[in-house]
Amino acid sequence: MTFSTRINEAITRTGSVTCVGLDPRKAQLPAPIRDAVSSDTPDAWAAAYTQFCCEIVDVVKEMVPCVKPQAAFFEQLGPAGMVSLGQVIRYAADAGLIVITDGKRNDIGSTATAYADAFLGSTASVTSAGGDPATASPWGGDALTVSPYLGRDSLEPFVEVCDQRAAGIFVLVKTSNPGGGYLQDLQCDGRTVYRSVADLVSELNAGRLDADGYGPIGAVVGATYPEQLVELRAAMPHSILLVPGFGAQGGAAEDVKAALDASGRGAVINSSRGIIFAHARKEFAGTFGDARWQDAVRAATVEMNEQLRA
């Protein structure tokens, strides 16, 4: 079973296209977790991050198809944070969630191969590909965000590992940040750079399509550019889209629905702050607050699911 098949089946099973971003930050942790940190050391904060993210997984595991841990917030804590990231990935995978590691990695040659080998291939994905679970990657994620700006040859090692382990990648095509257009919107030979990257994604997916017509090479396309989202959905009909920018960054439900195919699949919509720190949102703070932060996470997830189904 390919990565694209697995994620579309997870969407069908949960009835959700919500991806919960796991972006732990010290100052925004709910008080019961933040106040229990015994000392201001990386080890203590890493333990808090693990607890926080694993409790989120417990809340959302039956409600969404996937989670997306952002490696940077764990890397801030040094080695202890990286141990925490590994624990969170494994916990989410064991809970049956598809794990998209947001690391935006890439390099050339053997270095790209090393990144791919490190991050791509959970036990579930390796098993579904008919391989030995012992060959799963050390990090154990199902997919990884990847930068395309070193060229086609830098992406090919990731594609090869996707083939071997039924894993997936999400190539940065049109990102949600305001400054992304500095490079991505440049015109070259009559088309934008982001459209050139989209065409490369489609080329790499050719010959790798599952029964539903999707391949393992997905694309990151921001919700903050709805016109380009429509354009890129049409340009990459065989790619699962990962859509950041919903909610806190300004992307609206009506905008992101353009990422979905006719069956309501083919994309996952990410929300991080709006879900994991929902206890601080004004519409939830009075009802739940810090003391019932897990209930706020549940309510925010239900809300997002309903918005995207409407």
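**Salt bridges and a covered strand**

Okay, let's start with a pair of side chains: Arg152 and Glu203 come together in a salt bridge, 2.8 Å from N to O. Before I go on, keep in mind that this is a predicted model. Arg152 sits in helix α8, residues 152–165, while Glu203 belongs to helix α10, residues 193–205, so this contact ties together parts that are 51 residues apart in sequence. And how covered are the two partners? Arg152 is partly exposed, at 37% relative accessible area, and Glu203 is partly exposed too, at 47%.

Now hop over to Arg265, which makes a salt bridge with Asp212, with the closest N and O atoms 3.0 Å apart. Again we're linking distant parts of the chain: Arg265 is in the loop between α12 (253–256) and β10, Asp212 is in the loop between α10 and β8, and they are 53 residues apart. Arg265 counts as buried, because its relative accessibility of 17% falls under the 20% cut-off. Asp212, on the other hand, is partly exposed at 45%.

Asp102 and Lys68 meet through their side chains in a salt bridge of 2.8 Å, N to O. Asp102 is in strand β3 (residues 98–105) and Lys68 in strand β2 (residues 66–69), so to speak a link between distant parts of the chain, 34 residues apart. Are these two buried or exposed? Asp102 is buried, with 5% relative accessible area, and Lys68 is buried as well, at 6%. For the whole structure, the search turns up 18 salt bridges.

Right, on to strand β9, residues 239–243. Five of its five residues are buried.

Gly215, for instance, has Ser239 in β9 as its bridge partner. To get from β8 to β9, the chain passes through helix α11, residues 226–235, and that β-α-β crossover is right-handed.

Strand β10, residues 267–271, also pairs with β9 in the parallel sense, over three bridges. There, Leu241 stands opposite Ala267 of β10. That's my tour, thanks!

Conventions:
Residues are numbered from 1 along each chain as its sequence is written. This is a predicted model: local features need pLDDT of at least 70, side-chain atom pairs count only at pLDDT 80 or more; totals for chains, interfaces and linings use all residues. Side-chain values use heavy atoms; hydrogens and water are left out. Buried means under 20% relative accessible area, exposed over 50%, partly exposed in between (1.4 Å probe, protein chains only). Helices (H or I, at least four residues) and strands (E, at least two) are DSSP runs, numbered from the N terminus. Two strands pair if DSSP finds at least two bridges between them. A crossover is right-handed if, with the strands pointing away from the viewer, the path from the first strand over the helix to the second runs clockwise. A salt bridge is a side-chain nitrogen of Lys or Arg within 4 Å of a carboxyl oxygen of Asp or Glu.
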